[in-house]
2 protein chains.
Amino acid sequence: LNREDDLLEWLRRQQPGARRDRPGDDAAILGRGRGARALTADQQIAGVHVPPDLDPGIWARRLLAVNLSDLAAMGARPMAALLTVAVPAEFPLRTFLRAAIAACGDYGIPLAGGDIARSPCAVTTMTLVGRLAPGGKWLRRAAARPGDRLWLGAGVGVSALGQRLVARGARLVGKRVVLAPTGVASSPLASTARQAVRRHLAPAPQLDLGLWLSSQPRAAAIDVSDGLSQDLHRLCRASGVGAVLDLDGLPRSPRLESLAAELGAHFPALALAGGEDYVLLFALGPRRRPPARFGALPVGRVIAAPGIWCERQGALEPLTPEGWDHLAP
Amino acid sequence: LNREDDLLEWLRRQQPGARRDRPGDDAAILGRGRGARALTADQQIAGVHVPPDLDPGIWARRLLAVNLSDLAAMGARPMAALLTVAVPAEFPLRTFLRAAIAACGDYGIPLAGGDIARSPCAVTTMTLVGRLAPGGKWLRRAAARPGDRLWLGAGVGVSALGQRLVARGARLVGKRVVLAPTGVASSPLASTARQAVRRHLAPAPQLDLGLWLSSQPRAAAIDVSDGLSQDLHRLCRASGVGAVLDLDGLPRSPRLESLAAELGAHFPALALAGGEDYVLLFALGPRRRPPARFGALPVGRVIAAPGIWCERQGALEPLTPEGWDHLAP
């Protein structure tokens, strides 16, 4: 039990039955019809997801954003948040709470309750409740069908570059990225590096894209949080299908590749396995395409035979679920 | 902002408006009518609420119980749980999760999702969703009226004795209490000590009492988790009333007093301020009384004038909100 998707599958095996409130999607669905609600809970932990000295306002918004991304993957609108905070005495609690309320307010939802406690290390947890828009359908991982096109809500891998920069000391202070300790501050890559730090620390959940997908006759979706490769495997496993990922369709640029090299990484590998992207990966019937305003990218196709393949310059190679795993050693 | 009730009041001030999903009660209420749901989230942290080496099964059941106690104080029935776990590599995750599923199953609810992550210290968080029974009403802190009788769902202070014994090394292993390291293992107080350790580590949420209260025309309730005195102050502040607490009505016994003395404490002080009791404190009109099967205890009366008083042998003394406070230094 050392991988997060093993956990969900294991939980499901321990609680057999076809009930919709069983684990498996990015959020649990409780109830039916108009009263149905999506519930999700996610954590941001000092030294694991965020640097311990991160600006508490950016921390609070990131905590909300990673949870909103789970609702986006269900096609849901947020309704309310609960917040629990386990923090050491020196944690700037008041600033953090004020920022959490403001961030919830930006999405029109109340911070309706929660709990605070002292703790030797800082763990912040948010629960979100969401509902469908009128006429919407829940997005499920299990809805992909052979012949569907695969799409990404935005490019992937940039957040993983930002994570490496943050590990080297880059920070976001208000809206300003401080690159000084990273060694790329004065290089031609600085603006790409700033963008990567922002993408990592201040992800933008794709709620509107999720709502559009929810209005379609059929769409499968998952939040790419643990790496494109791993999350594509999850989507395909849930749907009982395979997929061909078009590597040439994934966005890359000489600057991203140079920055990755500077940070000791290979950009295409980060795009496949970097994690923390918080963009939607979705499957749509071949006659549907998302409106251009979302900037979604076609990245492959769903096939009937199980197995995930990469296509590069016409050749197919198997793709392993090697994405970021929170519990891997 | 160094006290938990200050936090809730502060959150409410930051989010003005009379909406029912604002903080203030033991759970937030989302929606109206038959579709309304209660939401609550609470934490159990190693070294704060539970000893780091606690049997993971007992830990999981305690995490569920403290959350169920919040639903009990709202008059709600549990529907589903989410679980987030932030734990070090050596934490017995599989045993803990199996116990959490089993504990939820005992209450007929699914463990519907959550998140797991590595963390330098162990923080476990549960969110519960609840609903009213048919014909039930939400219990609120603000519903107490002058002339009401005050009741406790069970005696208080025993859990605080158990907490002190656990701090001295007492443990619950399966159903067996191990008192060896505490120095009271072979004393005449051993059976009282075992009961106190059980009360502390394995609290029994008063869901049935909450459901009965919810069926009454009017009842105010709060979960006594931070000490009778502090939670009585909260109930009275929310209702805009005062109260007289009948100290002679609180259960005590020579054995509880001797055990407290053995542990360097004064039992009546623990009953007022010990905390972690997870019993309901409630106010009911003078003509109503809870059925005998609940074993509830009459402990005072609600008065119109603000201020909380203790009555002992006919004399009144002011009572300060000196209960256990998670954030006090």
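**View 1. Strand E10 of chain A and its two partners.** In this predicted model, E10(A) is mostly covered, with four of its five residues buried (under 20% relative accessible area, where exposed is over 50% and partly exposed lies in between, with a 1.4 Å probe and protein chains only). E10(A) runs antiparallel to E12(A), to which four bridges join it, and A:Gly242 has A:Ile303 of E12(A) as its bridge partner. Four bridges also join E10(A) to E13(A), here in the parallel sense, and A:Asp246 stands opposite A:Glu311 in E13(A). Strands are DSSP runs of E with at least two residues, helices are runs of H or I with at least four, and both are numbered from the N terminus; strands pair if DSSP finds at least two bridges between them.

**View 2. The open sheet of chain A.** Seven strands follow the order E9-E11-E6-E12-E10-E13-E14 with mixed pairing, and the edge strands, E9 (219-224) and E14 (315-318) of chain A, each pair on one side only.

**View 3. Strands E6 and E12 of chain A.** Strand E6 (residues 149-152) pairs with strand E12 (residues 297-303) in the antiparallel sense over four bridges, and A:Leu152 stands opposite A:Leu297 in E12(A).

Residues are numbered from 1 along each chain as its sequence is written, and chains are lettered from A and ligands numbered from 1 in the order in which they are written. Local features need pLDDT of at least 70, side-chain atom pairs count only at pLDDT 80 or more, and totals for chains, interfaces and linings use all residues, while side-chain values use heavy atoms, with hydrogens and water left out.
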